[in-house]
Amino acid sequence: MSDRSYSASASRGLTRRRFVTGTGSLLGGLALAGHAGPASADTPVAPTPAGLCAPIPDGARVPALVVGTGYGGSVAALRLAQAGVDVHMVEMGMAWDTAGSDGKIFANTTRPDYRSFWLRTRTKQPISQFLGYPLDKDVPLYTGILDAEDFAGITVYQGRGVGGGSLVNGGMAVTPRQEVFPSLLPTVDPAEMYGVYYPRANAGLGVSSVDRTWWENADCYQYARVGRKHAERSGFPFVFVPNVYDWDYMKQEATGAVPKSALDAEVIYGNNHGKKSLQKTYLARCADTGRVAVSPLHRVTGVTPAAGGGYTVTIDRLDTTGTVVETKRVTAGRVFFAAGSVGTSKLLTRLKATGALPALNDRVGKNWGDNGNVMCGRANHMWDPTGTLQSSMPTAGIDNWDRGGAFAEVAPLPTGIETYASFYLSITRTPHRAEFSWNPATGRVDLGWDRAWKQTSIDAAKTIFDTINAKEGTIYRTDLFGAYKIWGDHLTYHPLGGAVLGEATDNYGRLYGYDGLYVIDGALIPGSTSVNPFVTITALAERNIEKIIATDL
Ligand code: FAE
């Protein structure tokens with residue numbers, strides 16, 4: 001077993017009217033029935049610090065406006081505020097500070113309900129079938145936490161709400177190996193990233209590693225130990241990876257001392273406990289500065305130069321059915337695009353094409369990739385059970401990047417029953433990159449992805465799993481993504497690129513064509529991080545905002 005260099009290097013209560021959002025990876029919920037309705041009376045569960053969730057008034061003027069509250073946006077807001085700049089963050093999703101009728105803020109992965117999906121009337125779970133049963137079901141239309149955004153050939157899963165992807169992701173906090181980094185971001189100095197910004201990001205995110213002694217004996221990681229045994233018997237490096245989950249909390253979950261979250265299959269629709277999502281780390285620190293305010297359920301639709309300097313930003317306020325109930329216009333001295341790779345790319349592509357920001361260059365909307373994501377399951381023998389209790393927080397991966405172009409996350413399949421299945425999300429090396437384009441006929445931005453491109457990723461993943469199957473005498477599961485379908489090749493959890501560093505922007509995220517407009521999220525990274533991306537997104541944002549504060553403000 002090896003650690004290679006996947007090592008990592010604030011959780012605090014938030015006060016009145018603030019967000020508490022929980023936190024999450026992979027699995028598609030395995031629900032077969034039933035859903036709760038919206039709470040009849042809202043119960044405030046998490047207090048919010050005065051002024052943090054404070055909707056921006058129409059006509060306001062702000063020095064800095066951040067579009068989106070995910071990793072890039074939270075880093076930008078914190079560092080600007082610490083430098084003395086007042087910041088307003090605009091977030092299309094909800095604050096996630098109010099419990100439903102079940103007393104919980106977030107729905108369970110195995111029981112999706114109205115809270116689970118962004119403006120859908122039927123769930124679209126990443127794993128759509130199990131043992132021949134279709135899993136999707138009708139839900140009420142609601143501004144839920146997970147967006148399954150459909151483009152031609154690919155569904156892009158994204159978090160919606162204050163905290164962005166940190167609300168729904170698996171918390172795997174992976175720093176790429178330094179020798180791989182130059183192929184990911186060729187214009188960025190690896191020495192400064194590994195010496196300064198990765199450590200800063202890991203510290204800011206509260207990243208830590210599981211206690212190995214506990215892990216070796218914990219029932220909830222039996223699936224991971226089976227994953228290790230199979231990887232090592234086939235000669236693949238099995239690497240432990242850090243996470244942002246609070247391991248002490250998980251230990252207490254295992255003993256029954258506290259309410260369960262990771263050990264109750266919570267993840268892709270939020271974690272009610274345990275995970276250090278951005279609300280508990282960067283955004284909590286934003287609140288402490290007293291200089292950051294957030295408008296939840298507000299969506300930025302326009303940015304254009306203002307007559308008197310700065311930018312006019314058009315913002316729609318939404319209700320929980322997604323209906324626009326008000327349109328506001330505010331003026332911002334500087335605008336930071338942090339709406340996620342897809343959100344930022346869509347906005348910029350449309351604003352360039354429709355004449356709001358015509359001087360953006362031709363690289364806007366280009367060089368977008370899926371981080372080579374592909375999923376699969378393997379059917380183990382009856383003597384290799386993976387356990388009825390599985391922690392939803394992954395702790396390890398199989399690294400075959402150098403030889404086969406694949407890094408496979410050993411993922412849980414927390415169904416509550418013994419499935420004899422091993423499940424994996426592979427991140428693969430793939431040359432395919434797509435473009436966003438404005439479609440005047442539909443008034444939408446399209447993404448030119450071809451499903452057939454995933455074959456490269458499948459071939460890379462097979463370098464690991466064909467080998468393991470041959471060694472173990474096992475086969476692939478064919479019941480998770482459709483009838484007799486082995487590969488989950490229809491989706492990505494890791495959208496990256498579309499406004500790439502050194503292409504649409506300079507080497508620090510300043511958009512070419514406009515002073516005072518910046519990109520500071522996953523859109524900057526050209527399609528791959530070789531591992532799970534949020535630590536790299538955070539570290540790059542730390543690097544860029546430091547330069548911007550030093551030179552532009
Ligand atoms: P992101 O976190 O997506 O934040 C963008 C925010 O902008 C969102 O809150 C949007 O709602 C908001 N927004 C978008 N458009 C607008 C608009 N027009 N106006 C206002 N607000 C807007 O961006 N990564 C890992 O490293 N480890 C994992 O274990 C992992 N597991 C994942 C599991 C799932 C199910 C998913 C979906 C993702 C996972 N990821 C994981 C990916 C990770 O969450 C993602 O790369 C980051 O969240 C991207 O960070 P950004 O700052 O780019």
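Two strands pair if DSSP finds at least two bridges between them. Keep that in mind. Strands here are DSSP runs of E, at least two residues long, and helices are runs of H or I, at least four, numbered from the N terminus.

Some ground rules. This is a predicted model, where local features need pLDDT of at least 70, side-chain atom pairs count only at pLDDT 80 or more, and totals for chains, interfaces and linings use all residues. Residues are numbered from 1 along each chain as its sequence is written, and side-chain values use heavy atoms, with hydrogens and water left out.

Start with strand β15, residues 374-379. Five of its six residues are buried, so the rest of the structure largely encloses β15. Buried means under 20% relative accessible area; exposed is over 50%, and partly exposed lies in between, with a 1.4 Å probe and protein chains only.

What does β15 pair with? One partner is β18, residues 421-428: six bridges, antiparallel. Across that pairing, Cys-376 faces Tyr-424. Another partner is β21, residues 475-476, also antiparallel, with two bridges. There, Arg-378 sits opposite Tyr-476.

Next, a hairpin. β19 (436-439) and β20 (444-447) run antiparallel, joined by four bridges. Asn-439 stands opposite Arg-444. Four residues lie between the two strands, and Gly-443 in that turn has a positive phi of about 70°.

Now helix α7, residues 282-289. Which of its residues are buried? Tyr-282, Leu-283, Ala-284, Cys-286 and Ala-287. They pack against α1, β3, α3, β10 and α11. Packing here is contact, meaning heavy atoms within 4.5 Å. After α7 comes Gly-290, with a positive phi near 70°.

Last, the ligand. There are 37 residues around it, and Glu-91, Gly-165, Met-172, Gly-522 and Phe-534 come nearest. To be near, a residue needs a heavy atom within 4 Å. The shell divides into 15 nonpolar, 18 polar and four charged residues. Ala, Val, Leu, Ile, Met, Phe, Trp, Tyr, Cys and Pro count as nonpolar, Asp, Glu, Lys and Arg as charged, and the others, Gly among them, as polar.

Which polar contacts are there? These are N or O pairs within 3.5 Å. A polar side-chain atom of Glu-91 lies 2.7 Å from a ligand oxygen. A polar backbone atom of Gly-161 is 3.3 Å from a ligand oxygen. For Gly-171, a backbone N or O atom lies 3.3 Å from a ligand oxygen. Alone, the ligand exposes 1000 Å², and the protein buries 96% of that. Those areas come from the Shrake-Rupley method with a 1.4 Å probe.

Conventions. A polar contact is a pair of N or O atoms within 3.5 Å; within protein, one must be able to donate a hydrogen and the other to accept it, and residues adjacent in sequence count only if both atoms are side-chain atoms.
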